[in-house]
Amino acid sequence: MEPIDIKTVKLFRKAIEAASGPIALVAHVNADGDAIGSVLGLSRVLRNAGKQTVVLAPNHFPPYYKWIAGAEEILIFSQFYREVRKALASSGMMICLDLNSPARTADMKELLEKYRKSSIVIDHHPFPQKFTNLLISHPECSSTAELVFHVIKQMGYREYIDMEAAEALYCGIMTDTGSFDFNISDPQTFRTVSELLEWKIDPIKIHEKVYDNYSADRMRLLGYCLCECMNILPEYHTAVMHLSRDIQQKFNFLPGDNEGFVNYPLSIKDIHFSVLFTEKDDHIKVSFRSKGDFPTNDMAAKYFNGGGHKNASGGELKVPFEKAIELFYTVLPDYKELLEATRRG
Ligand code: 5GP
Ligand code: MN
């Protein structure tokens, strides 16, 4: 990992100590383990340091992250928008984690853009937008949770980490590396994990809480999806999956049930690129994953109003389900040469 700019870390610490009011920590829409682990881990450390905090998320997050300490206190904008507005209005500082632009908070976007007190983004997504006073952006870092851990240490707040904070940060690293399957080329990530183990966290228990906690319906949906809704395009080294509302209803779909689906086709020999289309209430969600050099975020940004990392990105379209899938098949040939040249891992 690149060294973190010491000046920015010092200014961050100063801003925290000068904040007149609770510190608001903000996660991105459809928060994942890294977003939840980062906001809750850092919030816990700040509270241990005697600060007041409030944790905000644009919408509900999957139930298998509810065991993380502080999860029950997260204020959800889609349900409690007045409270979230108030919380931001009376806060003394805003910390945005695991997001690189206000748009990543969906309907909270304007609140972030209008925020006038001190603010910071700590994130590992490429192409950060500058909308806060301070920015700590490390796209080469495995996860925001790992970055948060280093920032905490550089601030001199290591003594405020406890087991619960270490668990939250570990969960972020574990989920953003697919349980140490990708984003792990930097030895630093394993050093970070080994250091987190000093707080006596139990990695087996954490893995079970996140990955062995699904409903039977979700497992059946996965089986159905792989069997009936996966199209393999060998000439493009690509797999396309689609999850319509009809199919979701058949399996009593709950938010988070499709988490991880898009990774499965990458286990197929010679498949380098995997795409999942999920039909939502008012838009189509697209998830992209790749192995090796193929930059999924290029297609996500150019055609699907999205972005993200090279090997994991996503986007959204407000068009009929079939149109979104059709668009994908139309633009895929433009990437044929790149897909053919892609070397895995
Ligand atoms: P997922 O497919 O798990 O929803 O998202 C994977 C990654 O893609 C996220 O960590 C995020 O970086 C990026 N991503 C997903 N959806 C969007 C989107 O709508 N806009 C942007 N800019 N990035 C997205
Ligand atoms: Mn992340």
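**Exercise 1. Identify the element that gives the most to the shell around ligand 1, and describe that shell.**

Solution. β12 gives the most, with four residues. Strands such as this one are DSSP runs of E, at least two residues long, while helices are runs of H or I of at least four residues, and both are numbered from the N terminus. The model is a predicted one, in which local features need pLDDT of at least 70 and side-chain atom pairs count only at pLDDT 80 or more, whereas totals for chains, interfaces and linings use all residues. Residues are numbered from 1 along each chain as its sequence is written, chains are lettered from A and ligands numbered from 1 in the order in which they are written, and side-chain values use heavy atoms, with hydrogens and water left out.

Step 1, members. The shell around ligand 1 holds 13 residues (a heavy atom within 4 Å). His125, Lys285, Ser287, Arg289 and Ser313 are the closest.

Step 2, composition. One residue of the shell is nonpolar, nine are polar and three are charged. In this division Ala, Val, Leu, Ile, Met, Phe, Trp, Tyr, Cys and Pro are nonpolar, Asp, Glu, Lys and Arg are charged, and the others, Gly among them, are polar.

Step 3, polar contacts (pairs of N or O atoms within 3.5 Å; within protein, one must be able to donate a hydrogen and the other to accept it, and residues adjacent in sequence count only if both atoms are side-chain atoms). Oxygen atoms of ligand 1 lie 2.6 Å from a polar side-chain atom of histidine 125 and 2.8 Å from one of arginine 289. A polar backbone atom of glycine 307 is 3.0 Å from a nitrogen atom of ligand 1.

Step 4, burial and elements. Ligand 1 taken alone exposes 490 Å², and the protein buries 80% of that. These areas come from the Shrake-Rupley method with a 1.4 Å probe; for residues, only the protein chains shown count as cover. Two or more shell residues come from each of β10 (284–290), β11 (307–308) and β12 (312–317).

**Exercise 2. State which residues coordinate the manganese ion (ligand 2), and at what distances.**

Solution. Step 1, donors (N, O and S atoms within 2.8 Å of the metal, or 3.2 Å for Na, K and Ca; water is not among the atoms, so sites may look incomplete). Asp34 (OD), Asp98 (OD), His124 (NE2) and Asp176 (OD) coordinate the ion at 2.2 to 2.4 Å.

Step 2, spacing. Along the sequence the donor residues follow the pattern D-x63-D-x25-H-x51-D. Aspartate 98 is in the loop between β4 (93–97) and α4 (109–114), and histidine 124 in the loop between β5 (118–123) and β6 (134–137), so the pair ties together parts 26 residues apart in sequence.

Step 3, accessibility (buried under 20% relative accessible area, exposed over 50%, partly exposed in between; 1.4 Å probe, protein chains only). Aspartate 98 is buried at 1%, and histidine 124 is buried at 1%.
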